Amino acid sequence: MALSYTEITLDNAGGATDKDNTEFSFTFDFINTGDIKAIVSNNSGTTWTSVLTNSGATGDFDSKGIDSTNKKIKLAAAPSAGPTNAVAGSLLRIYRASTLNAIVDFQGGSRIAEADLDNAYKQGLFCAQEVSENASTLGGSGAALGDNSVDHNHIVTDAVRADEIQANAVGTSEIANDSVTTAKTANTMDFKTEGSTIILPSANRNLSATDANYGWTGTVPVGRGGTGYSSLKTSNVLEKITGPCDGTTVYRTPDAPNSTFVMPNVSAVQNVSTSWGDVSGSAANIIPHAEATRIEYEFSFTVSKDATSQALTYFRLMATDEGSSSATEVDHARFTIGGPEFNGTLIHFKWVFGRYDSSIPSAHTDLGMGVFGSTSSLGADPWNGSRTLYLQCKQEADALPTLARRKSAISAAQLTDSGDVLAITTATNWIDLDPGRTEIVKVSGPWSGATTSPVGYYKATYVSNTQFTATPLAGGDETYSSSEIEDAYVYSWVPSDHLSDTRLHAIPHHTDEATLDAQLRTPILTITSVK
């Protein structure tokens with residue numbers, strides 16, 4: 001800990017060192033409060049501004065802003081205010097600058113007081129500490145010039161000559177960071193006597209060029225654009241092509257068979273039919289990297305259907321011959337999507353094509369697995385020409401029996417206290433036929449302003465296709481007005497046969513029972529070449 005100054009790194013954390021404070025503590029001893037000074041640097045620590053002026057403070061602080069009892073100073077303005085404008089990282093230095101004038105005048109024959117002896121001794125001690133620690137500048141303890149004490153702003157051009165510097169006297173600790181600029185360096189610098197070889201033999205040398213004169217060794221860290229290894233390390237991934245299907249051009253690796261790959265362009269929702277059709281956006285015409293043994297094909301897309309059908313949709317993976325439109329199914333890659341509800345479900349399909357079969361070393365091809373040849377026998381099918389990989393799909397052709405949900409607006413409603421009977425009239429059919437039994441319905445709301453809200457599930461007793469009664473609903477007699485049933489609906493379930501109308505690349509929004517607004521969701525295609 002320094003004996004003649006207290007240095008505080010300012011921050012914006014809201015505590016005792018915050019740059020917006022005006023009160024700060026110090027730890028050193030002093031004789032007179034007039035010897036206490038304060039300066040603030042900018043956050044690089046090279047320019048200092050005096051900040052301890054008459055603050056007009058009261059209480060424990062004197063008129064100069066010094067609290068001698070608690071060892072505190074009070075500034076007229078926070079360091080962050082003008083003219084200092086200190087930021088987080090700036091330094092506040094509170095230091096002692098003892099007067100060099102004698103503070104005790106001993107007289108012949110007078111009584112020598114202990115306080116006078118102490119002050120006379122302390123003045124000499126304090127001055128020695130201040131010089132040693134260089135208290136009023138960015139110095140260090142133990143010497144007038146400490147680490148980082150001198151920067152280039154404090155050296156006059158041509159002021160330091162060779163005969164003023166002892167051999168090996170100036171080391172890195174005596175030079176401030178960033179203090180040696182290009183203006184202070186020679187035009188030619190030869191480091192060949194050092195352990196590493198860094199020689200710039202001409203003014204026009206291009207470091208990016210291949211030159212036998214350069215022998216770079218060592219490890220370049222990852223943070224500086226290197227690999228972090230002292231020797232070359234490679235990944236199994238040779239190339240990865242990926243992006244949204246928006247028709248953009250992707251540039252491939254420099255050693256790829258083709259320099260570019262054009263992404264498919266999906267600009268509309270695809271309605272699936274009952275016959276096999278290509279999945280838009282899934283086609284990738286590709287010649288793989290020459291060293292690849294596996295090609296990873298990935299396609300991310302969405303599936304949706306209309307509001308009431310049981311969707312069954314079948315998918316298969318296809319691959320053409322090299323340079324041909326004749327396609328073969330990779331039948332081990334088949335998959336089916338089905339279920340009662342698909343509202344933009346995200347599907348991520350992945351398959352790995354190969355040029356070998358590790359489980360059958362003698363085999364060259366297995367079209368059902370998407371293996372098009374062996375790396376040990378390229379004559380069979382080396383896959384050195386373009387093939388197109390793509391998905392096909394079709395929806396279930398037969399109508400599927402199911403219970404369909406029906407939504408009908410309520411046009412009138414009456415609650416009768418006797419028997420707690422709720423009578424409902426719907427604007428359209430709540431059911432298509434008299435089933436001869438009680439059906440479950442759901443009454444929805446809100447019933448704005450109603451005394452008794454009938455929202456909930458009921459056993460509905462058939463009156464007609466547009467009327468039913470439900471019990472029990474406790475409450476007094478009430479005839480619901482048109483404003484109270486403005487947003488009220490009845491949901492019922494009826495037997496129905498439905499085709500599975502399926503859509504791809506859509507995020508649907510059901511506005512009502514008969515309408516589906518579909519927003520395009522662009523699929524993602526990824527092709528990865530692997531060793």
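**Exercise 1. Salt bridges**

How many salt bridges does the count come to in this model?

*Solution.* The model is a predicted one, and the count comes to 10 salt bridges, taking as the criterion a side-chain nitrogen of Lys or Arg within 4 Å of a carboxyl oxygen of Asp or Glu.

Step 1. One of the pairs joins the side chains of D20 and K19, with 3.8 Å from N to O. K19 has a relative accessibility of 16% and counts as buried because the cut-off for that class is under 20%, whereas D20, with a relative accessible area of 47%, is partly exposed.

Step 2. Another pair is D29 with K71, whose closest N and O atoms are 2.8 Å apart. This pair links distant parts of the chain, 42 residues apart, since D29 belongs to the loop between strand 2 and strand 3 and K71 to the loop between strand 5 and strand 6. D29 counts as partly exposed at 45% relative accessibility, and K71 is partly exposed with a relative accessible area of 22%.

Step 3. K350 and E296 form a further salt bridge, in which the closest N and O atoms are 3.6 Å apart. K350 is in strand 17 (residues 343-354) and E296 is in strand 14 (residues 294-305), so the pair ties together parts that are 54 residues apart in sequence. K350 is partly exposed, its relative accessible area being 41%.

**Exercise 2. Helix 1 and its cover**

Determine whether the end-to-end span of helix 1 agrees with its number of residues, and work out how its buried and exposed residues are arranged.

*Solution.* Step 1. The secondary structure of the protein comes to one helix and 29 strands. Helix 1 covers residues 114-133, and its 20 residues should span 28 Å at 1.5 Å a residue; the end C-alpha atoms are 28 Å apart, which agrees.

Step 1. The buried residues in helix 1 are Q123, F126, C127, Q129, E130 and E133. Viewed down the helix axis, the buried residues fall within an arc of 160 degrees, so they line one face of helix 1. The face turned away from this buried side carries the exposed residues E114, Y121 and V131.

Step 2. The cover over the buried residues of helix 1 includes strand 1 and strand 7 (91-96). Strand 1 (residues 5-9) contains Y5, which is buried at a relative accessible area of 12%. Y5 and E133 are 128 residues apart in sequence, yet their C-alpha atoms are 8.4 Å apart in space.

Step 3. After helix 1 comes N134, which has a positive phi, near 50 degrees.

Note on methods. Residues are numbered from 1 along each chain as its sequence is written. This is a predicted model: local features need pLDDT of at least 70, side-chain atom pairs count only at pLDDT 80 or more; totals for chains, interfaces and linings use all residues. Side-chain values use heavy atoms; hydrogens and water are left out. Helices (H or I, at least four residues) and strands (E, at least two) are DSSP runs, numbered from the N terminus. Buried means under 20% relative accessible area, exposed over 50%, partly exposed in between (1.4 Å probe, protein chains only). The expected span of a helix is 1.5 Å times one less than its number of residues. The arc is that of the directions from the helix axis to the C-beta atoms. Contact means heavy atoms within 4.5 Å.
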